[in-house]
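Hi everyone, thanks for making time.

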Amino acid sequence: MNKDAINMGRRSIVKAAAATATVAATGGMIPGLQAAVYAAGSDKPEKEEVRIGFIPLTDCASIVMASVLGFDKKYGVKIVPTKEASWAGVRDKLVNGELDMAHVLYGLVYGVHLGLGGPKKDMAVLMTLNHNGQAITLSKKLAEAGAVDGPSLAKVMAKDKRDYTFAQTFPTGTHAMWLYYWLASAGIDPMKDAKVITVPPPQMVANMRVGNMDGYCVGEPWGHRAIMDGIGITAVTTQDIWKDHPEKVLGTTGDFVKKYPNTARAVMMAVMEASRWIDASLQNKMKMAETVADKAYVNTGVDAINQRILGRYQNGLGKTWDDPNHMKFFNDGAVNFPYLSDGMWFLTQHKRWGLLKAHPDYLGVAKQINQIDLYREVASAMKVSVPKDVMRSSKLIDGVVWDGKDPAKYADSFKTKAAAA
């Protein structure tokens, strides 16, 4: 097919997406949409059924709602959400092809691409699924001893010498990096002063209940659930560690993108529309909470999800607040763009904590993984604005600014880090 025909096909997607942007809440189809989208035949999804793995967490919502509301059918695919037990399981099924895509930890995708602690395979980040909305929980016992935030935890640990155990969800993942960064910012060396274990997200609360850990970092609703169950307190939210931090991504293998580019685009469009739908109103957020709380998805009470998704926080010690930086799925498109600097940040922390022995080609790796061009095509079709710069600048909880300009210098600059091998 010649270039003009391909461009015609792409233009037809843009027109069809614009025409159907408001057909959302019911997932209704506009008659003739398929014919409009695929008039030139060049953009028809090569694979029409797509298995997308997810872990029971609030931030799987855009995948679930894309399927439940029928946005997937609108773009010519069928999303089959597949509930998984652990991030290691998600990794293995992505690598061996049992899953086509996944709601997955940003750092996990980068770790697999570099072969850190497991299989090595070229990977792809299609889009960011959410910003913010994770938390670090400390046990009620620690809180009663006076540990309610980073500085007070450091004092309690210095005074009461014993083995302290903290949990994260995957060694190269986001929660491990938030936990390590926060502990280090309080003067606690996660490599020397504590034992850090890996626990799947839905098992965090049960493990804390029986005393297996002093604290953990995980996505919602498992932070709020600990408060509801009276076993833990929120010491810090991850948006207080890094405002608007990247969190889960829509991830797949590099091979999948090469083999099924139209399918990748179609799924991205469906998920982006679901993201926009969730963030569009309080009513939609409540409907989302009711949906994902179901046994088939997160399997918890709606009340464990719906407060923090609206920004209504409590810490379990009587403090309540409205947080404007709660979990966001779209935020006028600001969430979904896969900034190269976001991916590079995880590599700097992998180097900082000894997961990487030498500095990688930070920018080169990010360019291989983050599908910027594909994202721009989708955003254009969806009439979603795209930032001009592939890097962004942020100040984290310790006052250090990350902007992606000199990643090796940044990675080496931290006082608290893993000892050189």
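One term before we start: a nonpolar core is a set of buried Ala, Val, Leu, Ile, Met, Phe, Trp, Tyr and Cys residues joined through side-chain atoms within 4.5 Å. Also, keep in mind that this is a predicted model.

How far can we trust it? The mean pLDDT of the chain is 92, and 90% of its residues reach 70 or more. Residues 1-40 are another story: pLDDT stays under 50 there, although the model does have 67 contacts beyond four places in sequence for that stretch. Where pLDDT is low, the predicted coordinates should not be read in detail.

Okay, the inside. The largest nonpolar core has 131 residues, and Leu153, Leu250 and Trp345 are the ones with the most contacts inside it. Helix α14, residues 261-280, gives the most to this core, with 11 residues. In general, nonpolar side chains of soluble globular proteins tend to be buried together.

Now find the sheet. It's an open one, with 5 strands in the order β2-β1-β3-β10-β4 and mixed pairing. The edges are β2 (78-83) and β4 (123-128), each pairing on one side only. On average, neighbouring strands are turned by 30° against each other, ignoring direction. As one example of pairing, β1 (residues 49-54) and β3 (residues 101-105) run parallel and are joined by 2 bridges. Gly53 stands opposite Ala102 in β3.

And what lies across those strands? That's α14 again: it lies across β1, β2, β3, β4 and β10 (248-253), at about 30° to β4.

Next, a loop residue. Phe170 sits in the loop between β6 (165-168) and α9 (174-185). Is Phe170 buried or exposed? With a relative accessible area of 8%, Phe170 counts as buried, because the cut-off is under 20%. Beyond four places in sequence, Phe170 is in contact with residues including Trp87, Arg91, Leu105 and Thr198. Pro200 is 30 residues away from Phe170 along the chain, yet their C-alpha atoms are separated by 7.8 Å.

Last stop, helix α18, residues 362-369. Its buried residues are Tyr362, Gly364, Val365, Ala366 and Ile369. Those residues pack against α6 (106-114), β4, α17 (340-352) and α20 (407-412).

Conventions. Residues numbered from 1 in each chain as written. Predicted model: local features only at pLDDT ≥ 70, side-chain atom pairs only at ≥ 80, totals over all residues. Heavy atoms only, no water. Buried < 20%, exposed > 50% of the residue type's maximum accessible area, 1.4 Å probe, protein only. Helix = DSSP H or I, 4+ residues; strand = E, 2+ residues; numbered from the N terminus. Contact = heavy atoms within 4.5 Å. Pairing = 2+ DSSP bridges. Axes fitted to C-alpha atoms, helices over the stretch in contact; angles between N-to-C directions. pLDDT = per-residue confidence, 0-100.
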